[in-house]
Amino acid sequence: MISKEAVTAKEKLFQNKNLEDVINTPLKIQREEWEESAGNVKLPENVKIEEVIIRDIKADWIIPEFTESEYVIFYFHGGGLNQGSKLTHRKLVSEIANRSKLRLFIHNYPLAPENPYPEALNKSLEIYLQLLKSGIKAEKIILGSDSSGSALALALILLLKQKKYSLPKAAFLFSPMLDFSLSGVSVTNNEHLDPKIFKEDLELTSKYYCDKKHFKNPMVSPIYGDFSGFPPLFIQVGSEELLLSDSLTLKEKASNVNVPVKLEIWEGMWHVFQTRFESIPEADQALNNTVDFINTIKAEA
């Protein structure tokens, strides 16, 4: 049974769910509204933000107090790969950095449709290699991501493997979107259960990011990739999400090639529910579980 706080929040999500807003609001306006709403959030007092530019890409280092670890989190924000930024995700990633006591790096990868595939992936590769060049070891990097940002994170690992570069130590994914062909059964089965996302929203995400011929390209939809040799994976997803199938398939395919993978399916939760860590017990616990995974990875080094 989900908490009363989650029940109330879920009811409000259903009340505010409006397909017309998704279809008819220009992308430029959606971006601006999200940025504006994120600009006034309160961050943990004991983290500082260092704004940097790497390879012409704006990024943030989120640095918690008393961090001494060599490990860093390289985070890929969600937003359909067509909106979102280091600002829209600043509250969530600051909390992750604060709880884990690790430095966290988040970048404004190029957004579609102005910058379609493979722009975001190529820039992310450049930045990853620049982090290595700066002295950060690959085995000290943990990738983090949510939603469509997870497709970019796993595509980066596939690309690193293809090019024979050193892979990161591990990766954690919140509500990952990993199949731009939208072939997962949950896209249909959970259509009326998901309180946050429409199928039409996902279709726009795919359309904006790349041509239809690329929908099953593993560098776009990592679910079609070869996961052999991948680092350990940690996945959290809501039980009624349209994207549930992506997580289930990733768990199956990664496990089949002996990749350590843990999947948490949170009953009654919605897309990237972790952002509600201040008000919903499940979200708070989910972040604690994520930090437990990070600490386990560090202890195994």
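**Figure legends: the fold and strand β4**

**View 1. The whole chain.** Welcome to the overall view: the protein chain has 10 helices and 8 strands, where helices (H or I, at least four residues) and strands (E, at least two) are DSSP runs numbered from the N terminus. With a radius of gyration of 18 Å, close to the 19 Å that the globule rule gives for 301 residues, the chain is as compact as a globular protein of that length; the radius is taken over C-alpha atoms, and the rule is 2.2 Å times the number of residues to the power 0.38. This is a predicted model, in which local features need pLDDT of at least 70 and side-chain atom pairs count only at pLDDT 80 or more, while totals for chains, interfaces and linings use all residues. Residues are numbered from 1 along each chain as its sequence is written, and side-chain values use heavy atoms, with hydrogens and water left out.

View 2. Of the 301 residues, 55% count as buried, meaning under 20% relative accessible area (1.4 Å probe, protein chains only). Among contacts (heavy atoms within 4.5 Å) with a separation of 6 or more, 80% join residues 24 or more positions apart.

**View 3. Strand β4 and its neighbours.**

**View 4. Bridge partners in β4.** Ala59 has His107 of β4 as its bridge partner. Strand β3 (residues 72-76) runs parallel to β4, paired over 4 bridges, and Ile73 stands opposite Leu104 in β4.

Note on methods. Buried < 20%, exposed > 50% of the residue type's maximum accessible area, 1.4 Å probe, protein only. Pairing = 2+ DSSP bridges.
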